Amino acid sequence: MLLAALGFSLMGGAAKLLKGSFGAGQLVFWRNAVGLVVLVAGFIVKPAENKGGKFHLLLFRGMMGTTALYTLLYCILHLPLGTAMTYNLTSALFIAVFSFFLFREYHGRIVLMAVLLGFFGMLLIYKPAMHFPWYYHAAGLISGITSALAYITVNRLAGHYDSRIIVLSFIGTGVL
């Protein structure tokens, strides 16, 4: 998890450095194109084994993951890096909300209070940055929401598909 966090931080920093040369769509394409080459090499070495049966969720995961990445990179290019990354990290709050409403998962009052506190804290963080146009903040929220939906979908797909196929749904959609 630490390596993943480091990787996302490096990606965010690199995207910020490339701000003048690339748009968010180009960054999504190239990030996924490189990932696709690595993933195809992995399939050549060891073919995937799947039960299948949830193709619609694979497509949904791909669309949500690509939307999350696009909106994250869009925010990175237009907002301060810390603000953009924090918007994306609100996915943990949205996972809790969606898990409750979609799957009736309730983990008690302490978790509920933590989620409410998280949303309140998010408002405190972004109030000083309200001088940015509203659509940057909307993109940030979309990034957090679609990341949450993508993560929830990964959980639902895990028993049906090889993890590389689940990643391929995201990378393939991002390349397209």
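This is a predicted model: local features need pLDDT of at least 70, side-chain atom pairs count only at pLDDT 80 or more; totals for chains, interfaces and linings use all residues.

Residues are numbered from 1 along each chain as its sequence is written, and side-chain values use heavy atoms, with hydrogens and water left out. Helix H3 packs with helix H7 at about 150°, with H1 at about 55° and with H8 at about 55°.

**Terms for packing**

- Helices (H or I, at least four residues) are DSSP runs, numbered from the N terminus.
- Two packed helices are described by the angle between their axes and the distance between the axes.
- Axes are lines fitted to C-alpha atoms, for helices over the stretch in contact, and angles run from 0 to 180 degrees between N-to-C directions.
- Angles under 35 degrees count as roughly parallel, over 145 as roughly antiparallel, 65 to 115 as roughly perpendicular and the rest as oblique.
- A crossing is left-handed if the near helix is turned anticlockwise from the far one by less than a right angle, and right-handed if clockwise.

**H3 with H7**

- H3 spans residues 55-78 and H7 spans residues 134-157; their axes lie 7 Å apart, at an angle of about 150°.
- The two helices are therefore roughly antiparallel.
- Their crossing is left-handed.
- The contact of H3 with H7 has 16 nonpolar, 9 polar and 2 charged residues.
- In that count, Ala, Val, Leu, Ile, Met, Phe, Trp, Tyr, Cys and Pro are nonpolar, Asp, Glu, Lys and Arg are charged, and the others, Gly among them, are polar.

- H1 and H3 pack at about 55°, with axes 9 Å apart.
- That angle makes H1 oblique to H3.
- The crossing of H1 and H3 is right-handed.
- H8 (residues 163-175) packs on H3 at about 55°, with axes 8 Å apart.
- H3 is thus oblique to H8.
- The H3 and H8 crossing is right-handed.

**The two sides of H1**

- H1 (residues 2-17) has 16 residues and reaches 22 Å from its first C-alpha to its last, close to the 22 Å expected at 1.5 Å a residue.
- The expected span is 1.5 Å times one less than the number of residues.
- Met11, Gly12 and Ala15 are the buried residues of H1.
- These residues cover an arc of only 100° around the axis, which puts them on the same side of H1.
- The arc is that of the directions from the helix axis to the C-beta atoms.
- Leu2, Leu3, Leu10 and Leu17 are exposed on the other side of H1.
- Buried means under 20% relative accessible area, exposed over 50%, and partly exposed in between (1.4 Å probe, protein chains only).

**Partly exposed leucines**

- Leucine 81 lies in helix H4 (residues 81-89).
- Its relative accessibility is 29%, so leucine 81 counts as partly exposed.
- Leucine 81 and phenylalanine 132 are 51 residues apart in sequence and 13 Å apart, C-alpha to C-alpha.
- Leucine 112 is in helix H6 and is partly exposed at 41%.
- From leucine 112 to phenylalanine 100 is 12 residues in sequence and 9.9 Å in space, C-alpha to C-alpha.
- Leucine 116 is also found in H6 and is partly exposed at 48%.
- The C-alpha atoms of leucine 116 and leucine 93 are separated by 8.5 Å, with the two residues 23 apart along the chain.

**A loop residue with positive phi**

- Arginine 104 sits in the loop between helix H5 (91-103) and helix H6 (109-126).
- Its phi is near 55°, a positive value in a residue other than glycine.
- Arginine 104 is exposed, with a relative accessible area of 61%.
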